[in-house]
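Subject: Structure handover

Hello,

Please find the structure below. My notes come after it.

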Amino acid sequence: MAGRAQYEELVRQFSAFGAVKREMNRIMPADCPSGSAAVLTLLGRHGDMRMSKLAELLSVDMSVTSRHAAHLAERGWIERSPDPADKRSRILHLTAAGQTQLDELFRRTTQLLAERLDDWSDDEVGRLTQLMTRLRDSFGDCRSAPRPTAPTPERTTRTPASA
């Protein structure tokens, strides 16, 4: 297991990673802020879904999700239709124009990464992808999981043999 100093350095790196995200956001089209890009990406990955599911995946309130959906619908990138199972709910669908916009977002971010990581080997890029995937998987679906509480001293001192 890594030591405390390694985790502290990891925290510092996460804090500094904001600069990478800001740079990626700067290359996005003006009419497609990061929240809209996230919605397009999720619809592209998961297909049609209810607004409530999208809110869950985004980890945001339904009112925020509704604003994102309205923004995208105004541009013709998604369609909102009544859910046949519950007419009060809406199903979001990525349109052809939305898919084109999503393709453009991926083109821009792929180009930026290719430029910034041009001195990295294929193995290094592959390893970064592998480690980022593993990190994300280690957190699981943190949207629906309860926040962990701090362990009590008793829990931290017990060994499997004494449990």
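The notes below go from the whole chain to a hairpin, a core and a pocket.

This is a predicted model, in which local features need pLDDT of at least 70 and side-chain atom pairs count only at pLDDT 80 or more, while totals for chains, interfaces and linings use all residues. Residues are numbered from 1 along each chain as its sequence is written, and side-chain values use heavy atoms, with hydrogens and water left out.

Whole chain. The chain has eight helices and three strands, in the order α-α-α-β-α-α-β-β-α-α-α. Helices (H or I, at least four residues) and strands (E, at least two) are DSSP runs, numbered from the N terminus. Of its 163 residues, 23% are buried, where buried means under 20% relative accessible area with a 1.4 Å probe, protein chains only. The accessible surface is about 11,900 Å², and 55% of that belongs to carbon and sulfur atoms; these areas come from the Shrake-Rupley method with a 1.4 Å probe.

Hairpin. Strands β2 (residues 78-83) and β3 (residues 86-94) run antiparallel and are joined by six bridges; two strands pair if DSSP finds at least two bridges between them. Two residues lie between β2 and β3 in this hairpin. I78 stands opposite L94 in β3.

Core. A nonpolar core is a set of buried Ala, Val, Leu, Ile, Met, Phe, Trp, Tyr and Cys residues joined through side-chain atoms within 4.5 Å. The largest one has 20 residues, of which L40, L43, L54, I78 and L92 touch the most other members. At least two residues each come from α3 (34-46), α4 (51-58), α5 (62-74), β3 and α6 (96-116). Helix α3 gives the most, five residues. Leaving aside neighbours within four places in sequence, L43 is in contact (heavy atoms within 4.5 Å) with M49, I78, L92 and L94.

The largest pocket holds about 2,700 Å³ of space. On a 1 Å grid over the protein atoms alone, a pocket is an open set of points where a 1.4 Å probe fits, with protein on both sides within 12 Å along at least five of seven lines; lining residues have an atom within 4 Å of a point. The volume is the space filled by probe spheres set on the points. There are 47 lining residues, and F17, K21, M24, M132 and R136 are the closest to the centre of the pocket. The largest share of the lining, 11 residues, comes from α7.

Regards

Notes: Buried < 20%, exposed > 50% of the residue type's maximum accessible area, 1.4 Å probe, protein only.
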